[in-house]
Amino acid sequence: MESRSLQVLEFGKVLTHLAGMCVSEAGAEAAHAVRPLTDIGAVHHAAALFDEARRWAGHTGFRLSSFPPLDGVFRALDAPATVLDLDALWALRQTLGLARKLALSIREGQSTGGRWELLVALVDGHPLPQRTVSGLDRCVSDDGLLRDESSPELSLVRGEIRRIHQQCTRKVKEYAQRYNIGHYLQDEFMTLSSDRYVLPLKSNFKGRLQGIIHDYSQTGETCYFEPMFLVELNNGLQELKREEREEERKVLRYLTDLVRDELAAVRGAYDLLVEADVLCARCALSARFEECGEAGAVSIVEGGHVALLGARHPLLALAAAREAKAGGATVQSAARATGRDKAASGHGPQFPQAPQAVDIELLPGQLGLVISGGNAGGKTVCLKTLGLIALMGLAGLPVPVRPGSTLPFWTDIFAFIGDEQSLEDNVSTFTAQIRHLSGVWDRLGSGALVILDEFGAGTDPAQGAALAQAVLDEVMDAGSTVVAATHFPALKAYALTREQVRAASVLFDPATKRPLFRLAYDQVGASQALDVAREHGLPEAVLRRAEQYLLLDGEDTSALVDRLNALAVQREAEISSLRAEEARFRDKRAKLDERFERERRTLFESVQGQAKTVLQEWKSGKVSHKQALKALAETRARLAGGAPGMPGEGGGPEEPSQAPALQVETLRTGQAVRYVPWGKKGTVVEVDARRGRVRVDLSGVTMWAEAKDLAALDEKPRVAVGAVTRTISDATASMRVDLRGMRADVAVSELSRALDKALLAGMSAVEAIHGRGTGALRKEIHAFLKTFPAVRSFALAPEDQGGDGVTVIELK
């Protein structure tokens, strides 16, 4: 990948953010070294590994802690005679212990239901150096010191040193008490000086006692005095200290040899931690993107087409997330830094707090995208968004796009953005563009993306436009994808007439003329130079004269372009509304599917339990073989029909043959009937005599049925307290539930069942009749509706429909 394009598209700034989310110095260095991958298999592997790491972190809650860098330790081990000091061994102990925790979290997480084969393979590819880990745990303590049990000799020596310390303490106390020298001492305890036990003696009493003065305090008021009775003990202590140092060196050499013997495994464990650190940083980067929108890994498809949905410039998204977290002001500076548009880098209009999401799409078979429109409208930021997201996607980094976004597999990305003029090299803007393009021309092919920001603008407009069209032709003929921003009218017409090229325009608010930072496709936009100049304070006299020159030249097409822009804005608003509605219905469908699956599973488990009970009773001899078969047949019929009461079941309805079929002419609205195929009682809602069918309400579920499938009931049609009825209108379907006279808990239970039935029947509203009374029942019902997840809103009915005695509930 060309390094110049990485710099122009500010890929390094993204890596700086990534490195800041690492917990170790080594991880930060590895993050800065991330580069786009040139193998499609490696790209897919990196994306899959990131997805697994995100699921693993969410499932286990594991958080990687900081670990020290070991590069210096590895360099020291290259010398055969080197013995690692205690600090290096403690760093190794901490690092290997963290690697062990990481491996354990990944393996245990998968055993508890997680699925991350790539992470497990990564851990398996870096086995821990078990002997080194065991040796360091046994010899090095948490505070970085050698343990006594590191070796038997070291334990014996340190035990003798502690014995001498106790002996010295005892003798000092006896000496002080015998000769009453407490008032000679600055402190009643002995101390160490030159690694020998001494007494802190007041300087004016130094001639009163026999002994050796080793040192004085900084003020000179205290001298560190070794009495003669401590000299022999201190000499023995020095010999023991020498033996202790020798034993410690033996332990350090032993541990160093362990590390050197398993050096490859130690390096592997360290590399595992570094890679895990970068993976966790990628997850943190994705979470940061999600603070102000959707984010994830973009799908890189070999031979695919550009389809970035809801794309935001990564640096703008990070700046917006940071500002939102800090409660700060605007992301104006970040917008300028990323070049939202060249005109915006000076005194352009203020940008919104959060970057506007934009769809950047090419249809299958298209290789070119030409973006036109006014200054400061976001053309350059669209180019940079595409280029930077492509680099991040190829590097396996998360990007701020909606799910379903795809990009082709590009092995080269060439960005021509910004003013490359150089006075020292005597190179103009146009010349610099041509030189750069000529330098990469031979590398163009089917795996290249070329980004051109106002190419050819530094020369004669006619010749520059012709050259730009020729460049686009040749780039697409080579199989490369090209995205360009332009103000050339000829290039705009070119985009509308070429089959392989798609035209797009940045949109402006029709009323305020301010940019909306969105793209409208298959149309071109005007440059709106006069509007930008007016907004930035150019005198009105200059603007009026410019408008006159436009009229004289016959090139004032602003009215037409404004009309096209207004229509495009209206179309984008309608598309956004439809997408929101689609998302709402998709969410509602998902909830209904989940509810259906839950109820289906519950029904199946219930019938399965009944069947097991019948079999157990048969095996225990409680029922005969014939009775068991009959019971199992009834259970199967109940599962197939979905009815709670089936023929032959105790308390169930009568056999269908026992009730005569009805004629459609004899039926009337409100009549109680039985639907024979299901054995269910229902109420006639509507009669269609011409077609010979009847609409029947079966406990809240309304359906059309043939009259021959209905049978009469002896009971008179009635509506009991708590009964659910359906009211049908041409516009929407609603259900009415009568809760009057019920206790609050019973009413809430009845209403909950009615809402469930309404949702399953696809209804949009339910009317709850609770009556006026004291209002207590109404309050309980309203409190329940506030917590019911499927309720969009509820309100009291109009006065002509029941007033405060009825609540109208709108469902999601």
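For the protein chain, the mean pLDDT is 79, and 80% of residues reach 70 or more. This is a predicted model, where local features need pLDDT of at least 70, side-chain atom pairs count only at pLDDT 80 or more, and totals for chains, interfaces and linings use all residues. Residues are numbered from 1 along each chain as its sequence is written, and side-chain values use heavy atoms, with hydrogens and water left out.

Now for the helices (DSSP runs of H or I, at least four residues, numbered from the N terminus). Helix α8 (residues 130–139) and helix α10 (residues 228–261) have axes, lines fitted to C-alpha atoms over the stretch in contact, that come within 9 Å and cross at roughly 155 degrees. That makes α8 roughly antiparallel to α10, the word used for angles over 145 degrees. Arg131, Thr132, Gly135, Leu136, Arg138 and Cys139 in α8 touch Val251, Tyr254, Leu255, Leu258, Val259 and Asp261 in α10.

Helix α3 (residues 25–32) and helix α11 (residues 263–290) have axes that come within 8 Å and cross at roughly 65 degrees. Here Ala26, Gly27, Ala30 and Ala31 of α3 meet Tyr270, Val274, Asp277 and Val278 of α11.

Conventions:
Axes fitted to C-alpha atoms, helices over the stretch in contact; angles between N-to-C directions. Helix = DSSP H or I, 4+ residues; strand = E, 2+ residues; numbered from the N terminus. Parallel < 35°, antiparallel > 145°, perpendicular 65-115°, else oblique. Contact = heavy atoms within 4.5 Å. pLDDT = per-residue confidence, 0-100.
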